[in-house]
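Hello,

I am handing over the structure below. Please look at it first; notes on what was found follow it.

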Amino acid sequence: MADKGKTEKDEADNRRRMVIDSIVEGRKMEAYSEHRTKEMHACWLCDQICYRKKPMKNIGARWICIDCLRLLKETFDTLDQWEEELALQKEARSQLDDGFGV
Ligand SMILES: [Zn+2]
């Protein structure tokens, strides 16, 4: 029974060390997530959360990832073609309307 006191003391020491360790770990995680949050941006279009590894552009108060920017560029590049198609569709529709005497 002489060892019991020592064991209890050891256990108390262990517990204290574990508590201190977990506090230290918690602080580290806090500092880390704060640091990460600064680098973290959510894409305005696809809602993807991106860190530094994915290129993103800051446009006004928003962030847009490279994938969405490429899509946007493609849309802009084909905008003229799209406008032409829309104009043709409109023309075809008005011709149809004329044909039906509307
Ligand atoms: Zn995106």
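In the protein chain, 5% of the 102 residues count as buried; buried stands for 20 or more other C-beta atoms within 10 Å of a residue's own, exposed for 12 or fewer, and partly exposed for anything in between, with C-beta atoms placed from the backbone. This is a predicted model, in which local features need pLDDT of at least 70 and side-chain atom pairs count only at pLDDT 80 or more, while totals for chains, interfaces and linings use all residues. Residues are numbered from 1 along each chain as its sequence is written.

The chain has three helices and four strands, in the order α-β-β-β-β-α-α. Its radius of gyration is 31 Å, well over the 13 Å of the globule rule for 102 residues, so the chain is more spread out than a compact globule. (The radius is taken over C-alpha atoms; the rule is 2.2 Å times the number of residues to the power 0.38.) The C-alpha trace spans about 110 × 30 × 20 Å along its principal axes.

Helices (H or I, at least four residues) and strands (E, at least two) are DSSP runs, numbered from the N terminus.

D47 sits in the loop between β1 (41-42) and β2 (49-50). D47 is exposed, with 8 other C-beta atoms within 10 Å, and its phi is near 65 degrees, a positive value in a residue other than glycine. Most residues other than glycine have a negative phi.

Regards
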